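Please read the following briefing alongside the sequence and the coordinates.

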Amino acid sequence: MTSIGTLFTVSAPSGAGKTSLVNALIEQCEGLLVSVSHTTRPRRPAEVDGVNYNFVSEPGFRAILERGEFLEHARVFDNLYGTSAVWVEEQLSHGHDVILEIDWQGAQQVKRLMPQAKAIFILPPSRDTLLERLRGRGQDDAGIIQKRMDVAVEEMSHYVESDFMVVNANFDRALAELTAIVNSQRLATPRQQALLADMLRGLLS
């Protein structure tokens, strides 16, 4: 019997450490995959097309949207983002767990279409910490940083819609908490029944 994987959404305001935590989680948890989103955002110097994002033009993005191939999509800071429904469904059907690193709007859409998905929200310990992290990235000018801070409170208010909440005050502790969330879903009885079918038959026959 093929085990059906778990779909996780991970949301956070910019600067909360979401990407770093997800990257570390992927390295730590075997069989856990991160979906590569499509975006119209310009590629940053260190980014690789097809690895960090699938970079597409706005007309190209809208063509994919019109074909109904996105599980979720959203406009964030004047750019479009979307997740391939076909890729996600294929990975889950093969028993892989999948993480969608998306904003709260996307997480809402995923929950409506796939209520069994587990939503995780990552919060910074304070606004001062969030501002310090945004400045420390050295990727955005002061205007963009201020714009991100202006919308951060609205973004963070959506933590109430999540199934799990992690505060990234200490990276190692936050990573351990994320790992515990993933493992808790892998140990759920329906998942274990699928994985351990032969052993259970032997025990109960």
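A salt bridge is here a side-chain nitrogen of Lys or Arg within 4 Å of a carboxyl oxygen of Asp or Glu. The model is predicted, so local features need pLDDT of at least 70 and side-chain atom pairs count only at pLDDT 80 or more, while totals for chains, interfaces and linings use all residues. Residues are numbered from 1 along each chain as its sequence is written, and side-chain values use heavy atoms, with hydrogens and water left out. A search of the whole structure finds 10 salt bridges.

**Helical pairs**

- Asp198 and Arg201 meet through their side chains in a salt bridge of 2.1 Å, N to O, and they stand 3 residues apart in helix α9 (residues 197-204), a separation of about one helical turn.
- Helices are DSSP runs of H or I with at least four residues, numbered from the N terminus.
- Glu58 forms a salt bridge with Arg62, with 3.2 Å between the closest N and O atoms, and the two lie 4 residues apart in helix α2 (residues 58-66), again about one helical turn.
- Glu58 and Arg62 also belong, together with Arg75, to a network of salt bridges.

**Accessibility of the partners**

- Relative accessible area is called buried under 20%, exposed over 50% and partly exposed in between (1.4 Å probe, protein chains only).
- Glu47 and Arg41 form a salt bridge whose closest N and O atoms are 2.8 Å apart; Glu47 is buried at 11%, and Arg41 is buried at 9%.
- Glu58 is partly exposed at 33%, as is Arg62 at 35%, whereas Asp198 and Arg201 are both exposed.
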